[in-house]
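The sequence and structure come first.

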Amino acid sequence: MKLLIAKDYDELSTRAATLVIETVKQRPVAVLGLATGATPLGMYANLVQSYARLEISFTQVRTFNLDDYVGLPRLSPDSFYQYMHRAFFSQTDVRPENIYLLDGTAHNLTDECVNYERYIEEVGGIDLQIVGIGRDGHLGFCEPGTSFESKTFVAKLTESTRQANAGGLQSLDEVPKRAITMGLSTIMSARKILLLANGQAKTDILRQALYGPVTEAVPASILQRHPDCTVILDALAAGE
Ligand code: F6R
């Protein structure tokens with residue numbers, strides 16, 4: 001595991017974007033695994049700027065997002081589908097047909113999960129998977145206790161995750177109770193993983209995930225077993 005400490009969130013975001021750009025320059029047909037949440041917003045902003053400066057093109061890139069809510073319409077501003085279009089897709093040349101997002105409104109969620117795994121396999125696997133970490137150690141929506149063997153599945157969200165993700169939704173009641181997410185084994189099958197975390201609220205869980213025992217009680221601890229995982233933290237998340 002390679003650990004990089006950035007002095008602040010801006011530097012974390014630039015470094016993360018640089019890594020994505022290097023990946024795409026080396027392999028223009030790269031398959032990127034993408035995350036939502038507050039953490040990667042700065043990275044997406046940097047990628048959009050680089051694209052606007054004609055430094056990079058995403059026209060051949062394929063993208064697979066980690067997760068989305070079950071039951072939230074794709075047009076809801078709080079869906080991860082909308083987040084991704086706002087933050088990245090609509091501002092770059094990623095082709096709509098190259099964008100894969102789990103559909104939490106699919107009629108048959110089991111088929112949706114199985115098909116997603118098949119699509120990932122068909123494109124030859126994910127080259128670079130970006131992940132954030134939840135305060136309870138979750139990756140994607142793989143909450144504590146999720147099997148390390150899990151493939152894309154429908155997950156029940158914990159109360160703490162629902163509260164942390166309330167976002168623009170008016171009340172906790174509106175936050176979906178389930179999500180559709182890549183499993184931990186799906187995430188681990190990426191050739192490279194980039195974990196991003198900023199802010200003091202993540203210090204404690206990062207210590208457990210990066211230096212504690214590898215246990216399903218802390219899903220992100222599985223990253224210790226990945227052969228090519230880079231972690232970028234800001235100084236606050238890194239703590240002392
Ligand atoms: C997002 C995702 C989540 C977040 C995590 C951290 O697609 O899968 O696991 O990465 O909840 O969220 P933030 O970045 O908002 O702290």
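In this predicted model, one aromatic cluster is formed by Tyr44, Phe58, Tyr83, Phe88 and Phe89. The structure holds ten aromatic pairs. Two of them are set out below.

| Pair | Centre to centre | Angle between planes | Class |
|---|---|---|---|
| Phe80 and Phe141 | 5.8 Å | 15° | stacked |
| Tyr100 and Tyr119 | 5.5 Å | 45° | tilted |

Phe80 belongs to helix 3 (residues 80-87), while Phe141 sits in the loop between strand 6 (128-131) and strand 7 (153-156), so this pair ties together parts that are 61 residues apart in sequence. Phe80 and Phe141 are both buried.

The tyrosine pair joins strand 5 (residues 99-100), which contains Tyr100, to helix 4 (residues 109-122), which contains Tyr119; the pair therefore ties together parts that are 19 residues apart in sequence. Tyr119 has a relative accessible area of 29% and is partly exposed, because buried would require a value under 20%.

As for the chain as a whole, eight helices and ten strands are present. Its radius of gyration is 17 Å, close to the 18 Å given by the globule rule for 240 residues, so the chain is as compact as a globular protein of that length. The C-alpha trace spans about 45 × 45 × 35 Å along its principal axes.

Among the 240 residues, 55% count as buried. Of the contacts with a separation of 6 or more, 78% come from residues 24 or more positions apart. The chain exposes about 10,800 Å², of which carbon and sulfur atoms supply 51%. There are 22 positive and 28 negative charges, and their mean positions are 3 Å apart.

Methods: Residues numbered from 1 in each chain as written. Predicted model: local features only at pLDDT ≥ 70, side-chain atom pairs only at ≥ 80, totals over all residues. Heavy atoms only, no water. Helix = DSSP H or I, 4+ residues; strand = E, 2+ residues; numbered from the N terminus. Rg over C-alpha atoms; globule rule 2.2 N^0.38 Å. Buried < 20%, exposed > 50% of the residue type's maximum accessible area, 1.4 Å probe, protein only. Contact = heavy atoms within 4.5 Å. Areas by Shrake-Rupley, 256 points an atom, 1.4 Å probe, with all protein chains shown as cover. Lys, Arg positive; Asp, Glu negative; His and termini not counted. Charge placed at Lys NZ, Arg CZ, Asp CG, Glu CD. Phe/Tyr/Trp six-rings, centres within 6.5 Å; stacked < 30°, edge-to-face > 60°.
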